[in-house]
Amino acid sequence: MITHDLLFIFISFPAIIATDQRSDGIVCSSSEIADGHIAEENCARTLCGDRPTAKLEMSTKLFACDFEVFGTVQGVFFRKYTQKQASSLGIRGWCMNTRDDTVKGQLEGEEKPMNEMKHWLQTKGSPSSRIDKAVFSVPKEITSYSFKDFSIRR
């Protein structure tokens, strides 16, 4: 007899039951949900012993911050490279040139890619740029994206 592992989520108000269908039946349950995902990370271990049978996803936190980069950042394709880097990391937001010869903008994304993008803005930039400093606002947690992608504003 072949046993297939399946994960079923039954939603009934107000309870949610997650099951890992194996030969032993229900192995896990939770009464919490966030963004369509079961929010209790230790469900399988807590209710089912040490045997990790059900993989449960935690919702990922999103952050937003403003930035401004100083140095030789205009006339060196800095915005274009910034857009390319942000898009490759899954970061959303925008950037633009300022009258003060800086580039400023906003970033939105998950913590790890956001930190990678901030590091890139501080240390790399476009090949012909010279970064003197980059200033970032304190990241704030957001519940959803405000932007569809990363764009260049004029």
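## Close-up views of a predicted model

**Figure 1. Two threonine side chains meet in one loop.** A polar contact of 2.6 Å links the side chain of threonine 98 to the side chain of threonine 102. The model shown here, as in every figure below, is a predicted one. Threonine 98 sits in the loop that runs between strand 6 (92-97) and strand 7 (103-110), and threonine 102 also belongs to the loop between strand 6 and strand 7. The relative accessible area of threonine 98 is 15%, so this residue is buried. Threonine 102 counts as buried because its relative accessibility is 2%.

**Figure 2. Two residues with positive phi.** Aspartate 101 is not a glycine, yet its phi is positive, at about 65°. Aspartate 101 is placed in the loop between strand 6 and strand 7. Phenylalanine 77 is the other residue in this figure; its phi is near 60°, again a positive value in a residue other than glycine. Phenylalanine 77 is part of the loop between strand 5 (62-72) and helix 2. With a relative accessibility of 61%, phenylalanine 77 counts as exposed, because the cut-off for exposed is over 50%.

Figure 3. The ring centres of phenylalanine 78 and tryptophan 120 lie 6.1 Å apart and the ring planes are at 40°, so the pair is classed as tilted. Phenylalanine 78 is in helix 2 (residues 78-89) and tryptophan 120 is in helix 3 (residues 111-123); the pair links distant parts of the chain, 42 residues apart. Phenylalanine 78 and tryptophan 120 are both buried.

**Figure 4. Charged side chains over aromatic rings.** Arginine 92 lies over the face of tyrosine 145, at 3.8 Å from the centre of the ring. Lysine 118 lies over the face of phenylalanine 136, with 5.4 Å to the ring centre.

**Figure 5. Two buried cysteines.** Cysteine 65 has a relative accessible area of 2%, so it is buried. Cysteine 95 is at 0% relative accessibility and therefore also counts as buried. How many disulfides are counted in the model? The count comes to zero.

**Figure 6. The setting of the close-ups.** The protein contains three helices and ten strands. Read from the N terminus on, its elements run β-β-β-β-α-β-α-β-β-α-β-β-β. Of the 154 residues in the protein, 35% are buried. Among contacts between residues at least 6 apart in sequence, 61% join residues at least 24 apart. The protein exposes about 10,200 Å², and carbon and sulfur atoms supply 50% of this area.

Key. Residues are numbered from 1 along each chain as its sequence is written. This is a predicted model: local features need pLDDT of at least 70, side-chain atom pairs count only at pLDDT 80 or more; totals for chains, interfaces and linings use all residues. Side-chain values use heavy atoms; hydrogens and water are left out. Helices (H or I, at least four residues) and strands (E, at least two) are DSSP runs, numbered from the N terminus. Buried means under 20% relative accessible area, exposed over 50%, partly exposed in between (1.4 Å probe, protein chains only). A polar contact is a pair of N or O atoms within 3.5 Å; within protein, one must be able to donate a hydrogen and the other to accept it, and residues adjacent in sequence count only if both atoms are side-chain atoms. A disulfide is a pair of cysteine sulfur atoms within 2.5 Å. Rings of Phe, Tyr and Trp (its six-membered ring) pair if their centres lie within 6.5 Å; planes under 30 degrees apart count as stacked, over 60 as edge-to-face and the rest as tilted. A charge sits over a ring if NZ of Lys or CZ of Arg is within 6 Å of the ring centre and within 35 degrees of the ring normal. Contact means heavy atoms within 4.5 Å. Accessible areas come from the Shrake-Rupley method with a 1.4 Å probe; for residues, only the protein chains shown count as cover.
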